[in-house]
Amino acid sequence: MGEVDPAFVQDVEHRPNLAAAQAEGIPLIDLAALAGYSPSDGEVADSAAVEGLVAEIGEACKEWGFFAVVNHGVPAEKRERIEREAREFFGQGLEEKKKVRRDEKRALGYYETEHTKNVRDWKEVFDFTVQEPTVVPASPNDGEEGVIEWTNQWPEYPPGLREACEEYAQELQKLVRKLMGLIARSLGLPANRFDEFFKDQTSFVRLNHYPPCPAPHLALGVGRHKDAGALTILAQDDVGGLEVKRKSDGEWVLVKPIPNAFIVNVGDIIKVWTNEAYDSVEHRVMVNSEKDRFSIPFFFNPPHYTMVQPLKELTDERNPPKYRPYNWGKFFVGRKANNFKKLDVEPLQIHHFRI
């Protein structure tokens with residue numbers, strides 16, 4: 001990726017501000033009180049420390065849509081291993097990586113020409129699904145029935161990548177269950193309220209590599225966007241580059257890397273489930289001219305047959321549903337297809353379902 005192809009260049013109003021403020025803001029939440037806690041175990045769940053956590057997470061979801069967690073229970077060596085394997089994989093030549101390239105038939109694997117908001121991202125990725133096979137609709141179009149199965153494409157090299165990825169995904173699933181339990185309780189719901197959405201989940205993990213960019217003032221690693229799923233848990237290296245649009249003033253603020261922390265953000269599905277009590281927030285990734293950056297987001301997504309709509313328990317006459325129900329699988333498959341081609345129209349967004 002030498003000279004900057006115009007396909008990467010952001011419109012003037014969306015270009016990064018290389019002197020952006022560092023976010024003092026995104027809340028840092030210590031999950032140490034959850035050690036040995038399982039959401040279904042009522043006794044531990046009501047300890048004062050866990051209640052404090054519930055309140056902190058509710059506040060963070062409301063005010064920021066983003067927070068960082070430490071003492072999260074994910075073993076450091078699992079994270080270090082997947083990071084190491086990802087570097088090995090991306091360090092190969094393009095021809096090797098393209099052996100597991102994804103296409104319109106195979107939705108998982110390596111890809112280097114992803115677009116966000118119709119502008120090409122300065123990055124390369126490798127996607128794998130958490131539940132194999134993952135069942136999704138064959139077509140994003142309403143009225144077209146039928147499902148297909150997505151299976152992972154694993155490269156021959158590095159030989160340890162598959163195991164590292166699978167073990168990491170298992171650990172992250174434990175963490176996402178804990179977090180969804182806390183989010184449920186922060187809404188006044190039972191801790192297990194979201195458990196049904198783990199069965200047949202369409203969650204996936206992405207390995208991101210952002211190479212050094214000769215024009216970091218023109219391009220972005222990922223353009224501004226909100227996450228379409230329920231919850232995202234991000235591991236980022238120490239290079240930094242993630243920016244969040246602060247709700248209080250609309251400013252872009254840089255999220256400072258915190259060693260061994262995960263960055264968690266609310267996706268559009270939680271925004272709809274909570275009838276906008278909690279918000280999904282725009283974020284983007286800046287690139288730099290000197291250093292490679294690596295990150296690993298885990299996207300927690302419900303089963304394809306989920307009809308996403310405001311939860312009955314959170315709506316009433318005074319707070320009527322703000323969204324019509326939409327089928328998650330159709331939405332998800334439609335969004336995936338957008339990554340392959342530059343569209344003339346805006347990709348499907350949840351505001352298209354707003355009442």
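Me: Which element gives the largest share of the lining of the largest cavity?
Reply: In this predicted model, a search of the whole structure finds two cavities of 30 Å³ or more. The largest cavity has a volume of about 760 Å³. Several elements give two or more residues to its lining, including β10 (204-210), β17 (293-300) and α7 (328-338). The largest share, six residues, comes from α7.

Me: Why do the buried residues of α2 line one face of the helix?
Reply: Helix α2 covers residues 48-63, and its buried residues are V50, L53, V54, I57, G58, A60 and C61. An α-helix has 3.6 residues a turn, so residues three or four places apart point the same way. Seen down the axis of α2, the buried residues line one face because they fall within an arc of 165°.

Me: How many Å does helix α5 reach from its first C-alpha to its last?
Reply: Helix α5 has 26 residues, numbered 161-186. At 1.5 Å a residue, 38 Å is expected for this helix. The reach in the model is close to that value, at 37 Å.

Me: Is N71 buried, partly exposed or exposed?
Reply: N71 is found in the loop between β3 (66-70) and α3 (76-90). Most residues other than glycine have a negative phi, whereas N71, which is not a glycine, has a positive phi of about 50°. The relative accessibility of N71 is 47%, and a residue counts as exposed over 50% and as buried under 20%. N71 is therefore partly exposed.

Me: What is the relative accessibility of E276?
Reply: E276 lies in the loop between α6 (268-273) and β16. Its phi is positive, near 75°, in a residue other than glycine. E276 counts as partly exposed, with a relative accessibility of 28%.

Me: Where is P158, and what is the omega of the peptide bond from Y157 to P158?
Reply: P158 is found in the loop between β9 (147-150) and α5. Most peptide bonds are trans. The bond from Y157 to P158 is cis, with omega near -5°.

Note on methods
Residues are numbered from 1 along each chain as its sequence is written. This is a predicted model: local features need pLDDT of at least 70, side-chain atom pairs count only at pLDDT 80 or more; totals for chains, interfaces and linings use all residues. Side-chain values use heavy atoms; hydrogens and water are left out. Helices (H or I, at least four residues) and strands (E, at least two) are DSSP runs, numbered from the N terminus. The expected span of a helix is 1.5 Å times one less than its number of residues. Buried means under 20% relative accessible area, exposed over 50%, partly exposed in between (1.4 Å probe, protein chains only). The arc is that of the directions from the helix axis to the C-beta atoms. On a 1 Å grid over the protein atoms alone, a cavity is a set of points where a 1.4 Å probe fits but cannot get out, and a pocket is an open set with protein on both sides within 12 Å along at least five of seven lines; lining residues have an atom within 4 Å of a point. Grid points are joined across faces, edges and corners, and a volume is the space filled by probe spheres set on the points.
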